[in-house]
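Colleague: I am new to this structure. Please take one part of it, look at it closely, and then tell me what surrounds it.

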Amino acid sequence: MTVTRPAHHVTELTVGQLSARSGVAVTALHFYESKGLIKSRRTPGNQRRYTRDTLRRISVIRVAQRMGIPLSTVAEALAELPEERTPTREDWARLSRRWRADLNERIEQLLALRDGLEDCIGCGCLSVRDCPLTNPYDELGEEGPGPRRLLREPTGAAARGGARGRARTARTAERPAPVADPCGGVSPSCQGGATG
């Protein structure tokens with residue numbers, strides 16, 4: 001698809017030009033503006049005009065949205081960019097540094113999700129074959145609700161072998177290994193064939 005590009009010497013874009021070049025619908029541009037993510041000036045005829053650096057702002061917004069970064073977080077970061085001039089390379093680098101830690105954390109979470117989806121994630125279901133071995137009696141439930149292996153910080157006490165991690169290991173060693181059964185040890189009727 002060929003995009004009609006505004007001439008390189010044009011410093012302000014209409015909403016239609018901005019939409020065509022950014023690939024974002026006009027309604028979405030109006031929404032971004034209502035949230036303070038981008039801004040425009042009005043002509044004497046009450047038409048919107050955007051500076052060309054708005055294209056980069058929109059690109060950053062779109063990529064951030066694809067990565068699941070909330071618009072409120074995007075707005076906070078973009079608010080640090082200068083209003084009175086086109087952002088410089090240093091301005092964008094500062095914004096990048098601000099997001100780097102958050103992006104690295106998201107990457108780690110996505111990798112953990114990808115790599116752990118087929119194994120026990122510590123959610124307490126005890127239905128996956130690995131669960132009775134890696135999370136006997138739903139030990140990980142003591143850490144809190146949800147998929148504990150996916151939510152766990154890589155530098156947490158258990159990862160470092162801290163007191164909680166050692167205590168959990170000791171408690172697990174004291175208990176007999178659970179019986180592997182079709183219900184993952186959840187239902188007593190599965191183990192003993194009890195009838196009601």
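Modeller: Helices (H or I, at least four residues) and strands (E, at least two) are DSSP runs, numbered from the N terminus. The model is predicted, so local features need pLDDT of at least 70 and side-chain atom pairs count only at pLDDT 80 or more, while totals for chains, interfaces and linings use all residues. Residues are numbered from 1 along each chain as its sequence is written, and side-chain values use heavy atoms, with hydrogens and water left out.

Now each pairing in turn. Strand 1 and strand 3 are joined in the antiparallel sense by 2 bridges. In this pairing, Leu 13 lies opposite Tyr 50 of strand 3. Strand 2 also pairs with strand 3 (residues 48–51) over 2 bridges, again in the antiparallel sense. Here Arg 42 faces Arg 48 of strand 3, and Arg 41 has Arg 49 of strand 3 as its bridge partner. Strand 2 and strand 3 also make a hairpin, with 5 residues between them. In the turn of that hairpin, Asn 46 has a positive phi of about 65°.

Beyond strand 3 comes Arg 52, in the loop that leads from strand 3 to helix 3. Arg 52 has a relative accessible area of 29% and is partly exposed (buried means under 20%, exposed over 50% and partly exposed in between, with a 1.4 Å probe and protein chains only). Leaving out residues up to four places away in sequence, Arg 52 touches Pro 6, Ala 7, His 8, Val 10, Thr 11 and Leu 13 (contact means heavy atoms within 4.5 Å).

The loop that holds Arg 52 runs on to helix 3. Helix 3 (residues 54–66) and helix 1 (residues 15–22) have axes that come within 10 Å and cross at roughly 45° (axes are lines fitted to C-alpha atoms, for helices over the stretch in contact, and angles run from 0 to 180 degrees between N-to-C directions). From helix 1, Leu 18, Arg 21 and Ser 22 take part in the contact. On the side of helix 3, they meet Thr 54, Leu 55, Ile 58 and Arg 62.

Leu 126 lies in the loop between helix 5 (89–116) and helix 6 (131–134). Its phi is positive, near 50°, in a residue other than glycine, and Leu 126 is buried at a relative accessible area of 11%. Asp 138 lies in the loop between helix 6 and helix 7 (148–151). Asp 138, also not a glycine, has a positive phi near 55° and counts as partly exposed at 25% relative accessibility.

Terms used
Two strands pair if DSSP finds at least two bridges between them.
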